[in-house]
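Colleague: Could you walk me through this one, please?
Modeller: Gladly, let's have a look together.

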Amino acid sequence: MAKELIRLSDCTMSFDGEVVLDGINLYINDEEFLTLLGPSGCGKTTTLRIIGGFLTPTSGDVLFDGVRINSVPPHKRTINTVFQKYALFPHLNVYENIAFGLRIPKTDASGHKARLPEGEIDQRVMEMLEIVNLRGFEKRRITQLSGGQQQRVAIARALVNRPRVLLLDEPLGALDLKLRKDMQNELKRIQKAMGITFIYVTHDQEEALAMSDTVVVMDGGKIQQIGTPEDIYNEPKNAFVADFIGESNILDGIMRQDGVVELFNRRFQCLDKGFEKDEAVDVVIRPEDIDIVPEDQGQLRGTVTSVTFKGMQYDIIVDFYGFKWLIQTTDLSPVGSRIGIKIDPDGIHVMRKSQYSGMFGDYSSYSEEYEEISDANYGPEGEGSGDEE
Amino acid sequence: MRKTNRAGSRLLIGLVFLFLYAPIILLIIFSFNAGDSSAVWKGFSLDWYGRLFRNRLIMESVYTTLLVSLLATVIATAAGTFAAIGLYSLGRKRREALLTVNNIPMINADIVTGVSLCLFFVAFFQGWGSFARWFNSVQSAVELPERLVLGFTTLLLAHVAFNIPYVILNVAPKLRQMDRNPMDAAQDLGCTWMGAFWKVMLPEIKPGIVSGALIAFTMSIDDFIISYFTAGSSSSTLAMAIYGMTKKRVTPEINAISTLLFLSVLVLLVLSNLKEVRQEARERLGAARKPSGLERARQRFSEPRYLWVRRGLAAALACGFIGVVGFLSYVTGSRPVVNVCSWGEYIDPALIDQFEEETGIRVNYQTAESNETLYSLLKSGGADYDVIVPSDYMIGRLIAEDMLEPLDYSQIPNYGLIEDRFKNLPFDPDNQYTVPYTWGTLGIIYNANAVEEEITSWGALYDDRHAGEVLLINNSRDAIGEALFYLGYSVNTTDPAEIRQAYELVAGANRRGVFQGRVMDEIFQKMEGGNAAIATYYAGDYLSMVDNQAEGVDLAFVVPEEGSNWFVDAMCMLKDAPHQREAHMWMNFIASTEANLANMDYIWYASPNGKALELYPEWYEEEYGEPLDMELYQIMAAPAEVLERCTMYQNLDAGTLALYNDLWTELGI
C-alpha cells in the first residue's frame, strides 16, 4: 500500500550565497502524514515551498510520481497549501474563498480550457463547508471570522480542489492551546477521511509526535533524522534530536563493550551494540526513565537542588558530581535531600558523537532552559527569501 | 487668560484661512460679475460662463487637457502600478534606493523638468531627422517622416513621465501593507501569476491605484509649466490657454474658467479623500457595520456570475473612449490645417469658425504671450506655425535673421485693401513679408477727476505733484522711450549718453517717490478702480478701461505733444511653413473688410484696412442701434495729425538692447 509519491533528491537551496537547504534526500508516501519538524530557520518551510513550487531548488531534483517537476509552476501542481496565517482573500466572502480554485478554468488532457458548472462548484463548496463544520457561514466576510474559523476556511479552500497532496505550513501556530488540540484531531480526521498525503510543517514537537506517521527532524538546512514518532523519541540519532524532542539528560560516556557504557566512572548495562571498544559517545537518559531509590541503593548518588510541581509529576533537578540531571517522578523528594537513582538498561540510549555533542542536555541552567522550551515562539520564520517584513 | 489665548489662536487660524482662500473666493465672485472689470462689481451674471462655452479656443484647450490628462493617467497608472510591483520584488536596499530616486522628480522644480524634457525631445528629433533621412535614402518601401516637432505626443509623454512617480508613491504603501501570502495562495489554487494579480493583488491595492490615478489626473489637469515646454505649437492645454489670455487683458472669462478648473480639481481631491475615509471606516468597523444598499449592490455586481457583464461594460467604455478620440482625430487629422500663433484675446473667435466653414481648412489657433517668448520658441525649433503676428520691431529682427518666408501677394488680393500708410514700413521696407493686422498708439491714461489740469505732456509722469499716483509701465523700451520723447531725442537712438539721460529722468522720479509701482496688467484694475491717477498704455486697452471705470473715475487718453510710439502688428509666414497655401488663404481672409470690422469691434485695436476704418461707425450703428462715440473712435484709430508725431520702434542693436537691460535692472523698484 505504501506507494512513493514525492521524492526530493539531493536538494540544495541557497539565497544570495547563503545555503538554506543542504543536500536534502526525502521521499513521501501516498496517504502519509509527514511532518517536517525543526526550530526556526532550519529549512522546513523552504522544503515545503520547494514541494509547493514556489521555489526552485538551486540544485537537486523534485520528483512527483516519478516525474521531475523542478520548474513546474505552483498552479500546475496537484498540490495545495494551507499557508501560515491562512492567506485568505480578504475581499471575498467565505463561499467565494473556498470556490476560488474551482472557478479557475482547467486545461484538460485535450488542451481545452474548461470551467466547472456552477452547480458542481456549489455542491463541492457545500460539501467542504460540511467537512470543516462551517455550514451557514458562506456569506460571512473573512474579517468576521475567528482564528479557528479562518483556519477551517483555509483548509477547505485547499481541499476543495481534491489535491493529491496538502501542504500545511504551521497552520495552527496562531491558535490558542485548546483550539490547537481540537484542530489537531480535526486535521487527522480529515486526512484519514479524504485519504490525502499531508506534509505538515511545525516547530512544535508535541504536535509532530501526536499527528504524524513520519517525522522529519531538521536543523541547519539538513535532515537530522527521519522516523516514526516512536523511533524519533526513543532512538534519537544525535544530541540535537534528543534535546529537541522531549526532555533529555545527555551525558558524555565511553562504550566499554557491547551492552556496557561507562558514566562518571561507573559502568551501566545498556542495550546498545555496534560501537568501537572504548568509543566516546553521547548517552541519552530520559527524565522519566530514572527511578529514585534510597541513597544507599542507588547506582549514582546526588543532592536535590530544585523541585517543580508539574501536575502529573514533579520535575526535580539533582546534582550528581557537579552535573545536573532532570528527573521526572511522582514521589516528592525535598530540596537538599540526598537520593540515589537506578536506570534500567532500556532507559539508556547511546548515540555517536556529532557536531551537537556538548551543546544540550545539561540542566545546570535549568530555569532558562525550561523557559526556552516552553516559549512557544510561533511567529513567521526567518527563512524564505530573507526579505520578509 | 486661557480663554483669550484660545480666542487669539482661533483668530489666527481664521486669518490664515482668509489669507489662503481670499484670492480664490474673490476670483469666484468676480467670475459672476456683469461688467468686465476685476475690480468693480456691476451685478450678477452668468455671461462669462456662457462666453466661455462659446469660445472655441478655450473649448479646444479643454478637450486637449482632458484627453491628455485621461490618456496620461491611464498609461501612467498602468506603468506606475507595475513599476511599484517590480520594486517590491527587489531586495529592501535596492527598493529603498529606487523609491528615493522616484521621489526626486516630484520635488524637482517643474521648470527644470519641463526644460529638460523639451531639450530631450528636440535632441531626439534631431537624431531622428538624420536617421530618417538616411533610412529613406537607402530604401523606398517605408517612408519615415523626417521632421518631428513638439506636439500632442510629446505633451502626452511628458505628462506620463511626471505622473508615474505619483502613482508609484500611492501604490507602494499598499503593497507594503499587503500580505504576500494570498498571492502565493492564488497561484497554489491554480492561478497563473497574472491571474493572481488580477484576482487577488489588484483588489488589495486598488485603493492605492485609484488614489494614484486621481492624483495623476489632477496633476495633469493642473500642470502648466511642463506642458508649456513640451506642447509645442499645435496643442495647448487649458492652463496654457488661460496664461495666454492673461497677457493682453484680464477678462472675467479667465475668472470663470479658473473657477471651473479650481472646482474640478477640488472635486477630484474631495473624491479621493472621501474614498480613503470610507475605506478606513470600513476597516475599523469591519463586522459591526451593516453594508449599505449601494455596497450590497456593488458586492452583488462583483460576484463572478456578473463577470461577463462587467467585462462587457468595461469593453464598451473603452471602445467608446477610443471611438470618440479616434473620430475626433480623424475629423481633425484628415482636413487641411493652418497653424496660427497670435496673442491672447486678439481675434474675434467667430472669424475662425467662419474661415473653417468657408474653406474647410482647420485653424489651429495658438497664442504666445510676448514677442520675446515667441522669438525664443521659434529659435528653439520647437514650433511649426505657419502664420505669426509679431510686432514691428520683432518683424525687423526675424527678417534680419532670415526666419520669414516672402509672401505671394497674388494669393492675397485683399492686401490691396490695406492703406498705403501701413505698407513699406521701416521693418519691411519693400513689403515682401507682411500683411498688417492692427495698429495703435501708446499714450497717457489718466483720471481726469484726480489731476488738476488736462495732461498733454510726458512730463506729467515725472511731476512731483503726482507723487505716488503714477504707474510706470514695466517694459524698458516703453518706459525709457517715454523719457526720450520728453527729452526730444529719437526713440530709436543708439547714443548711450541720450539713453542714460532718459534713464536718469525716470530714476530721479522713482527716487522722489513719484511712481506707485511698475505694472503691466494691474494697470486695468488700478486705473478702473481709481487707485492710481496716471499710467501709460495702449489705446485699445484704454477703451476697455473706460468701459469698466468705477463710479467717480473719469478716464482720459492722450498721445502727448512730444510724440509717442505707434506700432503695427502684422501677419507673416515662417520660413518653410508646411501649409503655405492655407496660410495665404488665412491672411487674405483676415485682411478682408468684413474680418477687419469684426476684429476691430471685438479687440478694439484699429484696423489697417482703409475701408474698414471708414465703415466702422456706420457698421457699429447698424449693429448696436446707437451711434459710435467718435471721440473714442479717434483714440482707437488715431487721426493722421496724431500719427504724424508718432514714431515706430526699430530693432535696436545688441549693445543698445544690453544697455536697456542693464539700466532697467539698475532701476530696481
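**Strands and helices**

Modeller: Strand β18 (residues 300-309) of chain A runs antiparallel to strand β21 (residues 338-343) of chain A, and 4 bridges join them. Strands here are DSSP runs of E, at least two residues long, and helices are runs of H or I with at least four, numbered from the N terminus; two strands pair if DSSP finds at least two bridges between them. This is a predicted model, where local features need pLDDT of at least 70, side-chain atom pairs count only at pLDDT 80 or more, and totals for chains, interfaces and linings use all residues. Residues are numbered from 1 along each chain as its sequence is written, while chains are lettered from A and ligands numbered from 1 in the order in which they are written.

Colleague: Which residue is the bridge partner of T303(A) in β21(A)?
Modeller: Strands β18 and β21 of chain A are antiparallel. Within β21(A), T303(A) is bridged to R338(A).

Colleague: What is the strand order of the open sheet of 5 strands in chain A?
Modeller: The pairing in this sheet is antiparallel. The order is β17-β21-β18-β19-β20.

Colleague: Is W193(B) buried, partly exposed or exposed?
Modeller: W193(B) belongs to helix α8 (residues 193-222) of chain B. A residue is buried with 20 or more other C-beta atoms within 10 Å of its own, exposed with 12 or fewer, and partly exposed in between, with C-beta atoms placed from the backbone. W193(B) has 13 C-beta neighbours inside 10 Å, so the class is partly exposed.

Colleague: What percentage of the 389 residues in chain A is buried?
Modeller: Chain A has 9 helices and 22 strands. Of its 389 residues, the buried share is 40%.
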